[in-house]
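Student: I have a structure to read and some terms to learn. Can we go through it together?
Tutor: Gladly. Here it is.

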Amino acid sequence: MPETMSAWQVVEPAPMARRPLRAATLPVPTPAADELLVRVLACGVCRTDLHVAEGDLPVHRPAVVPGHEVVGRVVAVGAEVTGWAVGERAGVAWLRHTCGRCRYCRAGAENLCLASRYTGWDADGGYAQYATVPAGYAYRLPAGYSDVQLAPLLCAGIIGYRALLRAELPAGGRLGIYGFGASAHLTAQLAIAQGATVHVLTRAAAARQLALELGAASAGPADAAPPEPLDAAILFAPVGTLVPVALAALDAGGTLSVAGIHLSDIPPLNYQRHLFRERTLRSVTANTRDDGRRFLDLAGRHHLHVTTTPYPLAQADRALADLAGDRVEGAAVLVPDPAPAEPATERAR
């Protein structure tokens, strides 16, 4: 086991143009008694990482190592850990700790726990060669996917699954998806597999083309009206001005779920146009571990086409800047070792 590792830290949150990520050489972490130490095989680049880096989310851990979509190989286990062994592959996701005692945890809503902590925000994450995870929050991973393909499932996939549940899409219903990045392109496939008609609305032409390739019934600009009223919609783009647009596209009784952890300001809503006839607006806050296990089980039984753009760990700042500039198709994924010389698009089939 080496004593040090390559990593990236958010030293001072700032817009990506000011390069808030800084490369560092850090000690390889020592796992606590209840933790696993994993060698990072792949780490997804999530929009939440961008919110941490740019300061949209307040600093919880100074100079944090971001990254919470980690596929790793277990290299050490804490003294109190059972059920995990060195050499196994493990998934490290956003949710890292809950108290287990508050009224939310007792009610099965641990995602609302006031004492919750998160990988890549409260504790160092996967923009590094090694990372730790409490064993109770590590995931078993489905077969049939490469490490790179698995990484986006651990946040983009899980949060998209919860957003779909929150949208309460009826069987065979009409779903609108606003924004079409890492999470949306996975969620669309889940909905289509369940018999939904999916309409994608997003600003990038390449994303609209990908949506059609994955089976969407239509794909248009983000501010356009879908070709038919929607039973449900999910807003993945962190753009508050799209909330009234999506609400207006809902049929009577429809639900809009907002999937992001951060959203720009929502403009004033008109009650008659946006909410009347029992339209519902719902937020999505993180996920429970049960959400994660259920989604990964679904991903194992219904193979998803995961579109990724791999980057070497040494280019983490470039990957995050490309995400900020909408230059990534599907999900960006960091690969510490081995690392490709240049980003390339990989599609699982």
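Student: Which strands each supply at least two residues of the lining of the second largest pocket?
Tutor: They are β2 (21–27) and β8. Strands here are DSSP runs of E with at least two residues, helices are runs of H or I with at least four, and both are numbered from the N terminus. This is a predicted model: local features need pLDDT of at least 70, side-chain atom pairs count only at pLDDT 80 or more, and totals for chains, interfaces and linings use all residues. Residues are numbered from 1 along each chain as its sequence is written, and side-chain values use heavy atoms, without hydrogens and water.

Student: What makes a space a pocket, and which residues count as lining?
Tutor: On a 1 Å grid over the protein atoms alone, a pocket is an open set of points with protein on both sides within 12 Å along at least five of seven lines; a cavity is a set where a 1.4 Å probe fits but cannot get out; lining residues have an atom within 4 Å of a point. The second largest pocket is lined by 14 residues, with Met5, Pro29, Arg61, Asp124 and Thr132 nearest its centre. β8 gives the most, with three residues.

Student: Why is the pair of Trp94 and Trp121 called stacked?
Tutor: Rings of Phe, Tyr and Trp (its six-membered ring) pair if their centres lie within 6.5 Å; planes under 30 degrees apart count as stacked, over 60 as edge-to-face and the rest as tilted. By this rule there are five aromatic pairs. The centres of Trp94 and Trp121 are 5.7 Å apart and their planes are at 10°, so the pair is stacked.

Student: What parts does this pair tie together?
Tutor: Trp94 lies in the loop between β5 (89–92) and β6 (95–97), and Trp121 in the loop between β7 (117–118) and β8 (130–134), so the pair ties together parts that are 27 residues apart in sequence.

Student: How do you know whether Trp94 is buried or exposed?
Tutor: Buried means under 20% relative accessible area, exposed over 50%, partly exposed in between (1.4 Å probe, protein chains only). Trp94 has 6%, so Trp94 is buried. Trp121 has 9%, so Trp121 is buried.

Student: What makes Arg140 sit over the face of Trp84?
Tutor: A charge sits over a ring if NZ of Lys or CZ of Arg is within 6 Å of the ring centre and within 35 degrees of the ring normal. Arg140 lies over the face of Trp84, at 3.7 Å from the ring centre.
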